[in-house]
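Student: I have a structure to read and some of the terms used for it are new to me. Could we go through how such terms are decided?

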Amino acid sequence: MLIVAEDGIGMRLDQFLAGQLPELSRARIQALIKSGEITVNGRTTKAKTPIERGMRIEVCIPEPEPMEAQPQDIPLSVLYEDTHVIVIDKESGMVVHPAAGNPDGTLVNAVLYHCGDLSGIGGVERPGIVHRLDKDTSGCIVVAKNDKAHLSLTTQFAERDTAKIYLAIVQGCPKEPEGTVFTNIGRHPVNRLKMAVVNPGSGKPAITDYRVLHHDMATDSSLVMCTLHTGRTHQIRVHMLHLGHPLIGDPIYAHPHKQKAKPGRLMLHAWRLAFNHPADGHRVAIQSPIPPEYTPWIQAAELPEWAELNNQDS
């Protein structure tokens, strides 16, 4: 329950709650008000209700109804597979799991068809999923095929015992050729579709190592290798923007009219992934082929060997 003191007096109810409950979008708050899940002084109300001192606001968020994904015959590029795990080379544009607006045609639907019954490993909404890639990000993603593998991989990602290395093309060139970005990332205070660097004490810690591999003078854009030590939503996109170098082709954070390079996609690729095998603990190191859109930058770059990177702590 929220009891209004001084802050927010005179604001609309939905606007006030969007500031108090950053994990909920304003549209979600409006829907909860309309359904009666949000009440003021014990009564249902409207989104435009003005905030007054002493108001008692109760918010009840119902449990989401599980959406069981169905198998679909969708082609997959498999990089590695055994009885415990499967590593997919995800295409840019493919959503990882069903959700509002994307009920099917996802990687989960494709994996269910390819692997057969995963028996709701990790939940019926996201069977086998232990990490995710944004829709427009391509590259390596690992899926668990049994409960033991799911628990092992989930623990490894949580404890940063994996290696996750990405290739990004950014606008301009970072001043320092390599470095570490360590900030907190949380929901953008105004645009709920965005994440942002936020003040310490809010959001969650996010750590990204980066190394510039090549700067293309003609398009004023750079190939940057990013190593993730955490897995926050839009982490690389937000951290590169924080440095003043948004990703080329980013529909949310970039300014397309300022970018000379126009490859037609978000230039972020999950290039290399390593984890300890759930069955016997041996290190599995997978590399995804670099998409052809990267060719102008790759041709002039010297890429580090996988052995060198896989020896780094993730």
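This is a predicted model: local features need pLDDT of at least 70, side-chain atom pairs count only at pLDDT 80 or more; totals for chains, interfaces and linings use all residues.

Student: Which residues of H1 and H2 meet?

Tutor: On the H1 side they are Leu13, Asp14, Gln15, Leu17 and Ala18, and on the H2 side Arg26, Ile29, Gln30 and Ile33. The residues of this contact divide into five nonpolar, two polar and two charged.

Student: What makes Asp14 buried or exposed?

Tutor: The cut-off for buried is under 20% relative accessible area. Asp14 has 0%, so Asp14 is buried. Asp14 is in helix H1. Leaving aside neighbours within four places in sequence, Asp14 is in contact with Arg26, Ile29, Gln30, Ile33 and Ala47.

Student: Which residues in H1 are buried, and what do they pack against?

Tutor: Leu13, Asp14, Phe16, Leu17 and Ala18 are buried in H1. The buried residues of H1 pack against H2 and against strands E1 (2-3), E2 (38-40) and E4 (56-59).

Student: How do you know whether Leu24 is buried or exposed?

Tutor: Leu24 lies in the loop between H1 and H2. Its relative accessibility is 9%, under the 20% cut-off, so Leu24 counts as buried. Leaving aside neighbours within four places in sequence, Leu24 is in contact with Ile29, Leu32, Ile61 and Arg192. Leu24 and Ile61 are 37 residues apart in sequence, and 9.9 Å separates their C-alpha atoms.

Student: How do you know how many disulfides there are?

Tutor: A search of the whole structure finds zero. Take Cys140 as a case: the nearest cysteine sulfur, that of Cys226, is 15 Å away. A disulfide needs two cysteine sulfur atoms within 2.5 Å, so Cys140 is in no disulfide.

Student: Why is Cys140 called buried and Cys60 partly exposed?

Tutor: Cys140 has a relative accessible area of 2%, which is under 20%, so Cys140 is buried. Cys60 has 42%, which falls between the 20% and 50% cut-offs, so Cys60 is partly exposed.

Definitions and conventions: Residues are numbered from 1 along each chain as its sequence is written. Side-chain values use heavy atoms; hydrogens and water are left out. Contact means heavy atoms within 4.5 Å. Helices (H or I, at least four residues) and strands (E, at least two) are DSSP runs, numbered from the N terminus. Ala, Val, Leu, Ile, Met, Phe, Trp, Tyr, Cys and Pro count as nonpolar, Asp, Glu, Lys and Arg as charged, and the others, Gly among them, as polar. Buried means under 20% relative accessible area, exposed over 50%, partly exposed in between (1.4 Å probe, protein chains only).
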